[in-house]
Amino acid sequence: MKFFKISFYIIILCSFQIFSQPKKYKIHTVAFYNLENLYDTNDDVFTNDDEWTPNGAQHWTKEKYEQKLKNLARVISEIGTPENSNAPILLGCAEVENRAVLEDLIKEPNLQQFDFGIIHFDSPDKRGIDVALLYQKKYFRPTSFSNIPLIIYKKNIPKKVQQSEIEDDELEIKKENNNRVFTRDQLLVSGFLENEEIHIIVNHWPSRSGGEKATTLFREAAGKLNRRIIDSLQQINPQAKVMTMGDFNDGPINNSIKVALEAKGKKSEVSEFGVFNPFEEMVNKGLGTIAFRDSWNIFDQIIMTDSLIKSDFATFNFWKAGIFTRPYLIQNLGQYKGYPLRNTLTEAGFSDHFPVYVYLIKEIGQ
């Protein structure tokens, strides 16, 4: 089995040494990408996808769909470069219509060589968009997976939100259950990264449609559910390695992340059974994965338990995180110059989000 290796120097601060012997490390990239409206061109009578058809508002043709797949495949194949020449071995995805679009995606020439597997469930989201996990079969072996619903009821929603139009998380009007707000499930996947057990939670939390403050309770509920999932895994194994990733529709300093999920932005602040968010430091520097009205935020994050931030690299542990940007992913003309290059009525783009990634590394023998 071929592994991709890196070398870097460990600086021992306490002894004031400038140079030390180079150590060799095995590296894997783990990433998340909101694929923004990855719909096929077929009209699904069970979802609100009418605009994503050839006769719909988006004029979503076969040619556009195929170009979108090609664009996304290029990005995915390059996430994590240049430090790691391999594509992500685990990739969380959001805004996919069904399993079929993922099957089309991994068949793209840029991705075929990586032999991706797919874990996907249909969620109750009104628009029919789901989360999923792609994984390279030669590096990751799933052992269990489940979709965990986020249960939110209209009676717990502020009146302002009830009266507003909720685009991504529409209210399902049914006589027998008209208080339920239907949104994306949280996908939990457990398995072995090589011979080490790891757990992945893939998320797409409720949107801000209706206003950030008015809808914050949605996302705080999602954060609490996420925290309960992590707690349950840690109860089974106190050293469980858990990574929760996704489009949280909130930034690292919002209550859903800082209070409900209890994520810390500095390793030194992370207690036993706590979680670390490497993207908090980035947002404080003004970086972002998504822009709105010329304001940037990091909605796309990968957060991990304290068991993944140990200084001992005898097993796979966190090294560093990043936001994947390239010139071809950025709009270079017009009103939205500098924004992520997304779909238009005339062209298939990439996404309105930039992907995010982390590196897991493990020391190997000389």
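Is Val-30 buried or exposed? With a relative accessible area of 0%, Val-30 is buried, where buried means under 20% relative accessible area, exposed over 50% and partly exposed in between, for a 1.4 Å probe and protein chains only. The model is predicted, so that local features need pLDDT of at least 70 and side-chain atom pairs count only at pLDDT 80 or more, while totals for chains, interfaces and linings use all residues. Residues are numbered from 1 along each chain as its sequence is written, and side-chain values use heavy atoms, with hydrogens and water left out.

**Surroundings of Val-30**
- Val-30 belongs to strand S2 (residues 23-38), strands being DSSP runs of E with at least two residues and helices runs of H or I with at least four, numbered from the N terminus.
- Beyond its neighbours within four places in sequence, Val-30 has contacts that include Met-243, Met-245 and Ile-302, contact meaning heavy atoms within 4.5 Å.
- Although Val-30 and Ala-321 are 291 residues apart along the chain, their C-alpha atoms are separated by 9.5 Å.

**The open sheet**
- An open sheet of mixed pairing is formed by seven strands in the order S6-S9-S10-S11-S16-S13-S12, where two strands pair if DSSP finds at least two bridges between them.
- Its edge strands, S6 (140-148) and S12 (263-264), each pair on one side only.
- Strand S11 (residues 242-247) pairs with strand S16 (residues 300-305) in the antiparallel sense over five bridges, and Ile-302 in S16 is the bridge partner of Met-245.

**Helix H5**
- Helix H5 (residues 212-236) bends by about 30° at Phe-218, the bend being the angle between axes fitted to the seven residues ending there and the seven starting there.
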